Amino acid sequence: MGDLGWIFISTLLINNFVLAYFLGLCPFLGVSNKLEVSFRLGLATIFVMVVTALCAWILNTYVLIYAPYLRLISFIVVIASVVQLIEMVIKKLSPTLFRALGIFLPLITTNCAILGLAIFATNKGYGLWEGLVYALGAGMGFTLAIVLMAGIRQEVEGANEMPRLIRGFAFNLIISGILSMAFMGFAGLFSSS
Amino acid sequence: MAKEKLAYDEFMKGLWRENPVFVQVLGLCPLLAVTNSAVNGLAMGLASFFVLLGSSILVSLLKNYIPKQVRISCFIIIIATFVTVVDYSLAAAMPVIHKDLGAFIPLIVCNCLILGRMEAFASRNTLRMSVADAFGMGAGFLFALVALGAVREIFGVGELFGITLFGPNFEPWVIMILPPGGFITLGVMLLYFNWVEEKKNKIDKQLAAEDGVN
């Protein structure tokens with residue numbers, strides 16, 4: 001498998017952003033009560049992540065070599081504004097798509113998975129294509145995790161036998177722990193690392 | 001005197017009654033990611049503490065000059081500035097810890113706890129109260145980080161702050177320092193807090209009922 005494919009699989013499964021790096025936990029625990037909503041949130045996240053990777057690459061290559069200490073501030077400001085801009089464009093061009101992603105876009109921008117993606121990609125020294133594939137893998141990994149979580153929660157909340165004390169955050173965290181354990185099984189998938 | 005009491009009250013509120021982690025469940029990402037040892041938790045807690053305090057002071061000083069419509073962006077830029085300061089000073093002063101915490105120092109920017117305090121408190125209160133609030137919330141977050149880090153370190157490697165606790169027969173519970181351990185430890189801690197809360201409510205109710213009888 002090529003280098004790009006390796007990056008993709010490893011961010012999708014082995015180094016899953018949510019379950020191995022603890023990034024994007026707020027939406028993961030907060031918005032994962034309905035399967036359909038969390039799937040759409042996942043799609044919007046993939047979209048924002050790819051845009052972020054592009055922005056981060058442009059900033060790193062053309063601007064930040066002159067002023068590396070501005071990295072954090074410029075990442076945040078540029079990503080937030082670009083997402084806002086794209087949101088307006090989508091609203092004009094395709095109201096259907098806007099309704100599907102719409103409300104989530106601004107929320108996602110302040111998600112730590114987005115900034116984490118930009119910072120990790122920079123630290124690893126990824127080029128443009130590697131960065132884009134990395135973003136795609138991370139976004140799909142996030143979607144996978146949140147959809148799995150939403151499915152489990154829907155099933156569990158239908159069951160009435162649960163003690164009242166454990167419902168809510170405590171239980172969601174324990175489910176996440178078990179999911180995370182399951183994903184650790186992918187750790188031996190590649191021996192080349 | 002009354003003012004002093006109020007400030008103290010704000011401090012205790014953050015530390016215990018409205019603890020940002022155990023009661024409000026905010027700022028989870030850095031909390032779980034770096035607490036595989038108590039030292040890392042302490043470093044992360046101090047870094048967040050400094051950022052929270054600095055940005056609280058600045059925001060409460062500037063609150064009358066920041067236009068309402070763009071306030072969130074202004075808060076984020078202020079927070080990002082302080083985080084950059086912390087990031088570079090930590091890299092210079094303690095390179096080992098900086099390397100351990102890695103990308104999670106810059107990610108303090110996205111800690112919803114800090115942005116939440118700016119929006120809910122510092123931008124609406126005087127400098128004095130904001131400092132008290134930042135001290136309380138920062139201390140509460142620090143407490144949670146160190147507690148979680150200590151539990152995971154004790155079970156996961158059998159050490160606390162790098163000092164070996166058990167004899168040579170201790171078999172480390174490795175999963176505790178890996179990602180799943182973080183989720184599960186915090187889940188159990190929240191469960192404990194729920195239980196304490198429930199018990200307190202029950203006692204309160206009982207007392208109220210007895211008062212009614214008398």
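## Chain A: overall organisation

From the N terminus on, the elements of chain A run α-α-α-α-α-α-α-α-α. The secondary structure of this chain therefore comes to nine helices and zero strands. The model described here is a predicted one.

Chain A has 193 residues, and a compact globule with that number of residues would have a radius of gyration near 16 Å; the value for chain A is 18 Å, which agrees. Taken along the principal axes, the box filled by the C-alpha atoms of chain A is roughly 60 × 45 × 30 Å. Of the 193 residues in chain A, 42% are buried. Among contacts in chain A between residues at least 6 apart in sequence, 81% join residues at least 24 apart.

## Packing of H3 and H7 in chain A

Helix H3 of chain A (residues 35-63) packs with helix H7 of chain A (residues 112-123) at an angle of about 40°, and their axes are 9 Å apart. H3(A) and H7(A) are therefore oblique to each other. Their crossing is right-handed.

On the side of H3(A), the contact is made by Val48(A), Met49(A), Thr52(A), Ala53(A), Ala56(A) and Asn60(A). H7(A) contributes Ile114(A), Leu117(A), Ala118(A), Ala121(A) and Thr122(A). By class, the contact of H3(A) with H7(A) has eight nonpolar residues, three polar residues and no charged residues.

## Chain B: overall organisation

Chain B has eight helices and two strands in its secondary structure. Read along the sequence, the pattern of chain B is α-α-α-α-α-α-α-β-β-α.

The C-alpha atoms of chain B fill a box of roughly 65 × 60 × 30 Å, taken along the principal axes. Chain B has 214 residues, of which 43% are buried. Among contacts in chain B between residues at least 6 apart in sequence, those that join residues at least 24 apart make up 75%.

The buried residues of H6(B) are Cys112(B), Leu113(B), Ile114(B), Arg117(B), Met118(B), Phe121(B) and Ala122(B). What covers these residues includes helix H2 (25-30) of chain A, together with H3, H4 and helix H7 (127-157) of chain B.

Helix H3 (residues 38-62) of chain B packs with H6(B) at an angle of about 30°, with the two axes 10 Å apart. That angle makes H3(B) roughly parallel to H6(B). H3(B) passes H6(B) in a right-handed crossing. The contact is made by Val51(B), Leu52(B), Ser55(B), Ser56(B), Val59(B) and Ser60(B) of H3(B), and by Ile114(B), Arg117(B), Met118(B) and Ala122(B) of H6(B). These residues divide into six nonpolar, three polar and one charged.

## Packing of H4 and H6 in chain B

Helix H4 (residues 71-93) of chain B and helix H6 (residues 112-122) of chain B pack at an angle of about 130°, and their axes are 10 Å apart. H4(B) and H6(B) are therefore oblique to each other. The crossing of these two helices is right-handed.

Phe75(B), Ile76(B) and Ile79(B) of H4(B) make this contact with Ile114(B), Leu115(B), Met118(B) and Glu119(B) of H6(B). The residues of the contact of H4(B) with H6(B) comprise six nonpolar, no polar and one charged.

## Ile97 of chain B

Ile97(B) lies in helix H5 (residues 95-101) of chain B. Ile97(B) is partly exposed, with 18 other C-beta atoms within 10 Å; a residue counts as buried if 20 or more lie within that distance, and as exposed if 12 or fewer do.

Leaving aside its neighbours within four places in sequence, Ile97(B) is in contact with Ala43(B) and Leu90(B). Lys63(B) is 34 residues from Ile97(B) along the chain, and the C-alpha atoms of these two residues are separated by 35 Å.

## The contact between the chains

The contact takes 31 residues from chain B and 30 residues from chain A. On the side of chain B that touches chain A, helix H2 (28-34), H4 and helix H8 (179-213) of chain B each supply at least two residues. H8(B) gives the most to this side, with 12 residues.

By class, the side of chain B that touches chain A has 25 nonpolar residues, five polar residues and one charged residue.

Notes
Residues are numbered from 1 along each chain as its sequence is written. Chains are lettered from A and ligands numbered from 1 in the order in which they are written. This is a predicted model: local features need pLDDT of at least 70, side-chain atom pairs count only at pLDDT 80 or more; totals for chains, interfaces and linings use all residues. Axes are lines fitted to C-alpha atoms, for helices over the stretch in contact, and angles run from 0 to 180 degrees between N-to-C directions. Helices (H or I, at least four residues) and strands (E, at least two) are DSSP runs, numbered from the N terminus. Angles under 35 degrees count as roughly parallel, over 145 as roughly antiparallel, 65 to 115 as roughly perpendicular and the rest as oblique. A crossing is left-handed if the near helix is turned anticlockwise from the far one by less than a right angle, and right-handed if clockwise. Two residues are in contact if their C-beta atoms, placed from the backbone, lie within 7 Å. Ala, Val, Leu, Ile, Met, Phe, Trp, Tyr, Cys and Pro count as nonpolar, Asp, Glu, Lys and Arg as charged, and the others, Gly among them, as polar. The radius of gyration is taken over C-alpha atoms; the globule rule is 2.2 Å times the number of residues to the power 0.38.
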